[in-house]
Amino acid sequence: MAKQNNLLDDSELQKLVYAAGLSENQHVTKLAGKAVLDSSLQYWQHPFDSPNVSGNVEIGETFRNQPFYLPQEDLTKHLLAVGQSGSGKTTLFYGLMSEVDKPFWAFDLKQDYRHIDVLVLPWTELRFNPLKPPKDVPPRRWAQVFSEVFGHATALLSGSKNYLLKKIVELYRLYNLFQEVSAPYPSLHELELLIKSEGVNYVRKQADYRDTLLNRLEAMNLVAGTVFDCSTGYSIPELLHRDIVFEFDGLSRDVQNFLMEILFAYVYEYRLAQNHRNQGLNHVFFLDEGKRVFSVYKERQDAAGIPEIDELTAKMREFGEGLVVADQEASKLTDSIKANTYTKLLLPTAGRKQFQAMTEAMNLSERQAEFAQELETGEAVVQVGNRTPVPVKLRNYTVEKDVTDRKLEQKQRNKWENLSHEPRKTTRKFDQKIAPGRTEEQPEKEVLDDPNRIDLSNNANRLLKDIIENPFKPLTERYQRFSSSYKGNKAKNELVDQSIAVERKVKNGENRKLLQLTEKGRSYAENTLDLDTKHQGRGGIIHRYWQHFIRDAFEEAGWHAFLEKFEADIYVNMGNTELAIEVAMGDNPREIKHVEKHLERGFILWITCRNKEIQEGLKQRIEEQGIDTDQLVFRLLRDFQKSENLP
């Protein structure tokens, strides 16, 4: 009975049991039996020893009404909390954020933490260039780290990761980063353009690596909006001194995973380069839904190698970076995160598989596990290192969750505007390599040696024909041609997976998804389906969409408007006045040449920009060239949604 109830660690009880075993005295045996029975009953009611409550971070009180503390420095060895939805994980995070006196970053996927008084950065306000190495980190080393992290986040195998590494090194050379300290840094958009510009032999294995990588990269640049649209993003060393909530709600899973992992890696490499060793706790990461980064399925994927994030988990502690991870499903977390977290919390958990994965990680006894099954919301079994586990009632932390997007912008706008970044820049060598004036919206050029590799269903061919005939139709309307949205989506996935088309998103009052043909798709449509792929307008589908939209807006207002007349994106004849309109999708040197040509012809010129960052960049270029701006007007594309903004 003593062994079954884990009582033999008690030295006095151990001696009594031993004496009863040696003695034939019934009185001694009864005394021993009574002691074991009493202790067993106590253990059954509360199968835990008295806790060591020393520390400076209070997380609650024990079931015996004693305050329970964690040593703050233990967070450098990381903390893992597992519990079902509504079990108290968010409350735990609130409490730790308020108690820890070091700066923290929280990765928020559900808008849970915008309600506390910190800098909140929605992804739409974030500017980060993951191709710029941290301070004092050699570009060649960072290229390796980046390719590993990107590969893990987007499920690339070793062949595609190696291809990615080669292209990053090539891109760095085009930016002179191995020779010039003051050179600008390329962004993911330039990486996409470089890969698109490469001629491909579709018979070779390399074509598969290229297509796979390009599929991931195009989607990431498209979904991430302006996040990567910079040469230098916000200063990471400065942000490490601030409490920040990064809101990634609304991004695709791959982009969310990549941003979280690359920021982990960026901070670690920065700390390593600055030799921030053995300084105690410097900073804490908070990550809910930990399986998104620490996925056991990716850890077991032999062909991809050991994930870089697993290596970082163990290394970060030496540099004072704490990691607080929570999730609902312990069985889906990597063995690494379960092994490399010094403090573990088991909250009410749904499903025996998840519960058992955590009790095994904490090495709970059978009775302790039974006790843990009865936990209620806000209660947890806590284990710190090899110490005995302790049941704790978490401190209640009440937060009014009333911060809407509108309130958030009103409250945070000044903070966002005080963050600085540098717009995207290119080098002459890069421009010469990929053809001057290209933007991220332009379709790629490829050499197609084996177009017969394409194998599309009848539905996919129907959708392809519709894309050619109606290039600006929203994706949702295209699906109406099919008996169900499921079939339409399946056809679309065929085109995307085989690199026949890529998805693009344009915001014009509402988000509209368009499909753009690739050169591979264009060749297939012309040679196999005998379709005419010629179109009006130039550049990619987004650029052409705005050309047509603006042209149509002027015609509806009663003016004569034309595409590509006098080398203008849109030309408008207004009787005594001629108006040229350029659609600027990027801060590109090519736009300045167009400005000079149109002004020389005596036109009034409107430059319509995708966003304010592009507008400011072009204004600066025009100012540097000393161009007279009397006949020049800047507009944003969204201005054309209102007819009163037309002349």
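These legends walk through several close-up views of one predicted model.

Residues are numbered from 1 along each chain as its sequence is written. Because this is a predicted model, local features need pLDDT of at least 70 and side-chain atom pairs count only at pLDDT 80 or more, while totals for chains, interfaces and linings use all residues; side-chain values use heavy atoms, with hydrogens and water left out.

**View 1. The whole protein, to get your bearings.** The secondary structure comes to 23 helices and 18 strands. Both kinds of element are DSSP runs, numbered from the N terminus: helices are H or I with at least four residues, strands are E with at least two. Of the 647 residues, 53% count as buried, where buried means under 20% relative accessible area, exposed over 50%, and partly exposed in between (1.4 Å probe, protein chains only).

**View 2. An open sheet of 11 strands.** The strands line up as S2-S1-S11-S10-S9-S3-S8-S7-S4-S6-S5, and the pairing is mixed. Strand S2 (67–70) and strand S5 (119–122) stand at the edges with a single partner strand each, so one side of each has no neighbour in the sheet. From one strand to the next, the twist averages 25°. Two strands count as paired if DSSP finds at least two bridges between them. At one end, four bridges join strand S1 (residues 57–62) to S2, and the two run antiparallel. Here Glu61 stands opposite Pro67 in S2.

**View 3. Strand S6 and its two partners.** Four bridges join S4 to S6, running parallel, and Val245 in S6 is the bridge partner of Ala106. S5 and S6 are also parallel and joined by four bridges, with Leu121 opposite Phe246 in S6. Which way do the residues of strand S6 (residues 244–247) point? Ile244 and Phe246 go one way, Val245 and Glu247 go the other, and all are buried.

View 4. Helix H3 (residues 89–99) lies across several strands, including S1, strand S3 (79–82) and strand S8 (321–327), and runs at about 160° to S8. Helix H9 (residues 253–273) packs on the sheet too, touching S4, S7 and S8, with its direction at about 165° to that of S7. For these angles, axes are lines fitted to C-alpha atoms, for helices over the stretch in contact, and angles run from 0 to 180 degrees between N-to-C directions.

**View 5. Inside the largest nonpolar core.** A nonpolar core is a set of buried Ala, Val, Leu, Ile, Met, Phe, Trp, Tyr and Cys residues joined through side-chain atoms within 4.5 Å. The largest one has 128 residues, and those with the most contacts inside it include Ile59, Trp105, Phe146 and Phe258. H9 gives the most to this core, with 12 residues. Leaving aside neighbours within four places in sequence, Phe258 is in contact (heavy atoms within 4.5 Å) with residues including Pro130, Phe146, Leu188 and Phe228. A second, separate core has 21 residues, among them Leu514 and Phe554.

**View 6. Leu263 in helix H9.** Leu263 sits in helix H9. Is Leu263 buried or exposed? Leu263 is buried, with a relative accessible area of 3%. Leaving aside neighbours within four places in sequence, Leu263 is in contact with Trp105, Phe107, Phe128, Ile236, Phe248 and Phe285. Leu263 and Ile236 are 27 residues apart in sequence, and 9.0 Å apart in space from C-alpha to C-alpha.
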